[in-house]
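Here's a quick tour for anyone meeting this structure for the first time. Have a look at it below, then read on.

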Amino acid sequence: MADPNTRQPTLVPCPMFNPGEDAKRLKEALRDPNKEVATVIAILTCRSASQRMEIVTVYKDQFNKDLYQEVKSGYSGKFSKVMRALLRPPFEYLAQEVKKAMAGLGTDEDVLTEVLCTRSNDNIQLIAAAFKSHFGKTVEEELDNEYKVSAEYKELLGMLLSGIRDERRECDTDKARKRAETIFNAETNAWSTETKIFMRLLTHEPYTQLRLIFDEYRKISGQSMEEAITTEFSGDLRNAMLTIVKCAINRSQYYAEKLESAMRGLRFDDYSLIRIIVSRCEIDLGSIKNEYLKIYHKTLYHQIQMGTSGEYRNALLALLGDP
Ligand SMILES: [Ca+2]
């Protein structure tokens, strides 16, 4: 069986990479930001994250300037946001998105869920480490101060942040059946006990094993894990649990759906659009495009082309690769 989480990027490292040459061309282009935007897009959307970080270093060495700051003062609006997202180390960028989701009075749980419930242990650890070194406290400490966030949701994120998931590619049908039975029986317990059992399942089991457990669960209960979670839980806890289930089954499909909801309605959710495209282009944006076409019978490229404009559009389309 083909692994549903096979990953196809849209951005691969530039084979003829010369960071000194790129830094020089960027410096020239930034002398007059109204001109040569195409050069800036061509360079920054066609270099891998580690190549972009090399350019930042070389730029600093050659011109004694911070490329990020130069781009920030040279460009504005959404285009500037995309370029700046590309100029941050990837995990630091995501840590900043996590911080931003908790800034101010409220909390943007949707962003926290999208960033923290979709990634492998080591990626979560790298985001958590970047957060700590950048903001001087842990994600959990910051989350603790978000007093309107539900305790169970906080607990679930805390478990994911602790890196407890077993990430071996385990596939054990007998164990899966037993786990599925535990889950099925959990539904007769008190809600708090049931919640703990579901949380433990979703944060500890390897993704490969989760898929088997979901199959076994369906055989026993006649419903999917998503249906069970939708019935038993609500609010952000439910969204987070459903996100983990979706990612275990097919992560690219999850992101395709997120992109669609970011483009639904009168105004695009540009932050989500940028975050997903920038953070997935080197991982699985190609697979996400395929899933998008399968679900919505239109191309992601076309949707973005229709709903955005100017250099912002050019930058996103460049990251998307072929239509
Ligand atoms: Ca807040």
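Helices here are DSSP runs of H or I with at least four residues, numbered from the N terminus. Glu 282 sits in the loop between α16 (270–280) and α17 (285–296). Keep in mind that this is a predicted model, where local features need pLDDT of at least 70, side-chain atom pairs count only at pLDDT 80 or more, and totals for chains, interfaces and linings use all residues. Residue numbers start from 1 along each chain as its sequence is written.

Leaving out residues up to four places away in sequence, Glu 282 touches Pro 9, Leu 11, Ser 48 and Ala 49; contact means backbone-placed C-beta atoms within 7 Å. Gly 321 is 39 residues from Glu 282 along the chain, and their C-alpha atoms are 11 Å apart.

Now for the domains, whose bounds come from an automatic or database domain assignment:

| Domain | Residues |
|---|---|
| domain 1 | 1–87 + 255–323 |
| domain 2 | 90–161 |
| domain 3 | 173–233 |

The C-alpha centres of domain 1 and domain 2 are 23 Å apart. Where these two meet, 5 residues of domain 1 are in contact with 5 residues of domain 2.

One helix pair is worth a look too. In it, Glu 109, Leu 112 and Leu 116 of α7 meet Tyr 153, Leu 157, Leu 160 and Leu 161 of α10.

Technical notes:
Helix = DSSP H or I, 4+ residues; strand = E, 2+ residues; numbered from the N terminus.
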